[in-house]
Structures are given as structure tokens and as C-alpha cells.
Amino acid sequence: EAANPMGNLWTFLPLMLGVMLIFMLISSRPQQKEQARTKQMLAELKKHDRVVTAGGIIGSVVNTGSDSPYVTLQIDETSKAKIQVLKASIVRIVKDDSASSAS
């Protein structure tokens, strides 16, 4: 009797698909948690928060519209220079402790 190579494939295929599905679910969970944390941080953004953008710009929030995708940052205290950036480009909020120790 000759062995059927396609028979082995059909028994192995569901197992491989199951393993791939479990791997995809496990690997996407940390990314979903990070996206939720970032979304919450941007929703809680308020005036006078010191933030860092993805481009490395550090500034204080001057204006944040709840419906607007943009935030106005004051990037220089002496000249009162301001810049408008996308909310999505803000990667973190700088704590007051590190800002006061730097000056």
C-alpha cells in the first residue's frame, strides 16, 4: 500500500492553523494595551502639561481642542514661541520633577 502524502497534509494543516491563530492573538495583545494607554493619555491632556513629541520637541500645552486633532505647544519661555502639532505625535507627558531639576 502506498502512503497518501495528501492525507498527512490534511491532518497537519488544522493543527498549524490553530497554532498560527493562537500566536497572532498572543502577539497582538501588548500592542492593543499600548494603544489604549496612549489614547487615554491624549484624552487626559490638559493646559500647562509638559510633553515630548515624536520628533523630540519639548513644550507646554497652551491650547488643546477636544474635537481638534491639533495641540498648540509653547516651546520657548522667553520669546513665547508656539508651534502646532498633531495630538497623535505626542509620545509622553514629562513629570514636573524632571522639568524643575533641569532648570
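**View 1. The largest nonpolar core of the predicted model.** A nonpolar core is a set of buried Ala, Val, Leu, Ile, Met, Phe, Trp, Tyr and Cys residues joined through side-chain atoms within 4.5 Å. In this structure, which is a predicted model, the largest such core has nine residues, namely Met 41, Leu 42, Leu 45, Val 51, Val 61, Val 71, Leu 73, Val 85 and Ile 90. Helix H1, spanning residues 5–43, and strand S3 are the elements that give two or more residues to this core. In soluble globular proteins, nonpolar side chains tend to be buried together. For Val 71, a member of the core, the contacts beyond four places in sequence are with Leu 45, Val 61, Asn 63, Thr 64, Ile 83, Gln 84, Val 85, Lys 87 and Ile 90.

**View 2. Strand S1 and its two pairing partners, S2 and S5.** Strand S1, made of residues 50–53, pairs with strand S2, residues 58–64, in the antiparallel sense over three bridges, and S1 also pairs in the antiparallel sense with strand S5, residues 90–94, over four bridges. Four residues lie between the strands in the hairpin of S1 and S2, where Gly 56 takes a positive phi near 95 degrees.

**View 3. Asp 49 in the loop that leads from helix H1 to strand S1.** Asp 49 is placed in the loop between H1 and S1, and this residue counts as buried because its relative accessible area is 10%, under the limit of 20%. Its side chain meets that of Lys 46 in a salt bridge, with a distance of 3.4 Å from N to O, and the side chain of Asp 49 also reaches the backbone nitrogen of Lys 46 at 3.1 Å. When residues up to four places away in sequence are not counted, Asp 49 touches Glu 44, Gly 59, Ser 60, Val 61 and Ile 93. Asp 96 is 47 residues from Asp 49 in sequence, and the two C-alpha atoms are 8.8 Å apart in space.

**View 4. A salt bridge within helix H1.** The structure holds two salt bridges, one of which joins Arg 37 to Glu 34, with the closest N and O atoms 2.8 Å apart. Both residues lie in helix H1, where three residues, or about one turn of the helix, separate Arg 37 from Glu 34. Arg 37 is partly exposed, having a relative accessible area of 42%, and Glu 34 likewise counts as partly exposed at 42%. Side chains of opposite charge can pair when their charged atoms come close.

**View 5. Lys 87, a buried residue without a salt bridge.** Lys 87 is found in the loop between strand S4, residues 82–86, and S5. Although Lys 87 is buried, it has no salt bridge, and the nearest side chain of opposite charge, that of Asp 67, is 7.6 Å away. Beyond four places in sequence, Lys 87 is in contact with Leu 42, Thr 64, Gly 65, Ser 66, Ser 68, Pro 69, Tyr 70 and Val 71.

**View 6. Gln 74 in strand S3.** Gln 74 lies in strand S3, which covers residues 70–74, and is buried, with a relative accessible area of 15%. The side chain of Gln 74 reaches the backbone oxygen of Asp 76 at 3.4 Å. Leaving out neighbours within four places in sequence, Gln 74 is in contact with Gly 59, Ser 60, Val 62, Lys 80, Ala 81 and Lys 82.

Key:
Residues are numbered from 1 along each chain as its sequence is written. This is a predicted model: local features need pLDDT of at least 70, side-chain atom pairs count only at pLDDT 80 or more; totals for chains, interfaces and linings use all residues. Side-chain values use heavy atoms; hydrogens and water are left out. Buried means under 20% relative accessible area, exposed over 50%, partly exposed in between (1.4 Å probe, protein chains only). A polar contact is a pair of N or O atoms within 3.5 Å; within protein, one must be able to donate a hydrogen and the other to accept it, and residues adjacent in sequence count only if both atoms are side-chain atoms. Contact means heavy atoms within 4.5 Å. Two strands pair if DSSP finds at least two bridges between them. A salt bridge is a side-chain nitrogen of Lys or Arg within 4 Å of a carboxyl oxygen of Asp or Glu. Lys and Arg count as positive and Asp and Glu as negative; His and the chain ends are not counted.
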